[in-house]
Amino acid sequence: MSSSSPSAVSVVSLPSLMAARRTVAQRDAYRRLRWRERLTSLWAPVLIVAAALFPYMTLIAYVPSTASWAQPVMKGLGLLMVTYYVVLWVRRGVRSAWFQARRAAREQLEESERALSRAQAKQALAAGTGELVAEQALKVEAASVRGDADVLHGEVKLLSALTERHLGAFRKESSVELLGGVAKLLLIALVFRTACVEPYRIPSGSMLPTLHIGDFVLINKFIYGVRVPFANVVPFVILRPPARGDVVVFNNPVDTSADYIKRVVGVPGDTVELFDGVVHLNGQPQARQLEDPEYVVHDLAEGTWMARREALYQEDLGGVSHAVLQTPTRTPRHEGPYVVPEGHVFVMGDNRDNSADSRHGLGVTGYGRTEFVPYGHIKGKALVMWLSVSHGGLLHGLFGGTGLRVDRFFEPVR
């Protein structure tokens, strides 16, 4: 389909020129090539897990009882995808010459397509040039289908030389195009992290035994409303405000350079008191039951794992059941009352005697100074662990006690 008319040339792209020239057999071969490349991409197992993760997160968030069967299924899928990734990685090492040739082919096809588009945009495309480039591009495609690295290298060189000869003035990407592409990627990443999901690594033992040092959790960013970054405001609630029992990640309002993760204990209007570790909400003690008076937990001290014995309780906080720790040797004391102001929450760590939380100035203003967390500083609700590199687990003997905790993969945050 050749034309010397600039207006006609301007609407023809390299992919459409190639598509118009493929035979039925070539179309089928190209389709198989595309699927083979998708399935052998290192992104394939990552995208499969991501595609399954979103419905999984929704399911366990709104139907918690389904976690009993959904977590083992998700964990099995995750381990399968880890194996899949390793196999793909090894395969790339074995067939490195082919993958290098194919990457060079993709880059050259993209470069030829951009150069052709720029020439068309400036109406500077000579008659028949598009057809010449398309014919050589199809030869590159055919060599890709055959899987011969040497032949593919040769066809790519011919395509590069042809593009240089006819479109050399349009090969170089302008700084405006480059900046525009980078800006688009950054914008997409910013919108995703702001409005959807954000990962967070547990840095301390303040949430033991619920969350371990080295756990990686995913945060639901939209459940409370989309937070405006840096301004620390939530213009409107999407599903609901933070509730008692929620585990939330927040930007510390006292030290905005740090993000913390704690459990919401009091919501606006609540009066929170603790009598020897027992939480009282608005004068009502919250039930808790001793599970193990000598429960062993592991915490990091100057890079070394240290075992510590704590009393393990199962606490019911406004209908949300979760585990908490209390130091057995602590002196009985009364803490509070703390009256939660409007638009704020009162937070505590599940490791009650080892947590810099609202009772202790959020680790900044210190003991005796109460600090509440404004809604606008809450980044989101922790939903699920997607990875855990903590004490014990696979290969822990090689890394000073730190290993891959497969048993914690995709565990819901309760």
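What follows is a short chat about a predicted model of a protein chain.

Trainee: What should I know before I start reading this one?
Mentor: It's a predicted model, where local features need pLDDT of at least 70, side-chain atom pairs count only at pLDDT 80 or more, and totals for chains, interfaces and linings use all residues. Residues are numbered from 1 along each chain as its sequence is written, and side-chain values use heavy atoms, with hydrogens and water left out.

Trainee: What does the pLDDT average for the chain?
Mentor: The average is 88, and 93% of the residues score at least 70. pLDDT is the predictor's confidence in each residue, from 0 to 100.

Trainee: And where is it below 50?
Mentor: Over residues 1–10, a stretch that has 13 contacts in the model beyond near neighbours in sequence. Contact means heavy atoms within 4.5 Å. Where pLDDT is low, the predicted coordinates should not be read in detail.

Trainee: OK, helices. At what angle do α6 and α7 pack?
Mentor: About 165 degrees, with the axes of α6 (residues 96–121) and α7 (residues 129–146) 11 Å apart. Axes are lines fitted to C-alpha atoms, for helices over the stretch in contact, and angles run from 0 to 180 degrees between N-to-C directions. Helices are DSSP runs of H or I with at least four residues, strands are E runs of at least two, and both are numbered from the N terminus.

Trainee: So are they roughly parallel or antiparallel?
Mentor: Roughly antiparallel; that label is for angles over 145 degrees, while under 35 is roughly parallel, 65 to 115 roughly perpendicular and the rest oblique.

Trainee: Which residues meet there?
Mentor: From α6, Trp98, Arg102, Ala105, Leu109, Ser112 and Leu116 meet Gly130, Val133, Ala137, Val140, Ala143 and Ser144 of α7. That contact splits into eight nonpolar, three polar and one charged. Nonpolar covers Ala, Val, Leu, Ile, Met, Phe, Trp, Tyr, Cys and Pro; charged is Asp, Glu, Lys and Arg; the others, Gly among them, are polar.

Trainee: Switching to strands: what's the order in the open sheet of four?
Mentor: β7-β6-β5-β11, with antiparallel pairing. Strands pair if DSSP finds at least two bridges between them.

Trainee: Which are the edge strands?
Mentor: β7 (284–285) and β11 (334–339), each pairing on one side only. β7 pairs with β6 (residues 278–281) over two bridges, and Gln284 in β7 is the bridge partner of Leu281.

Trainee: Where do I find cis peptide bonds?
Mentor: One joins Leu208 and Pro209, with omega about 0 degrees; Pro209 is in the loop between β1 (197–201) and β2 (215–220). Gly336 to Pro337 is also cis, omega near 0 degrees, and Pro337 sits in strand β11.
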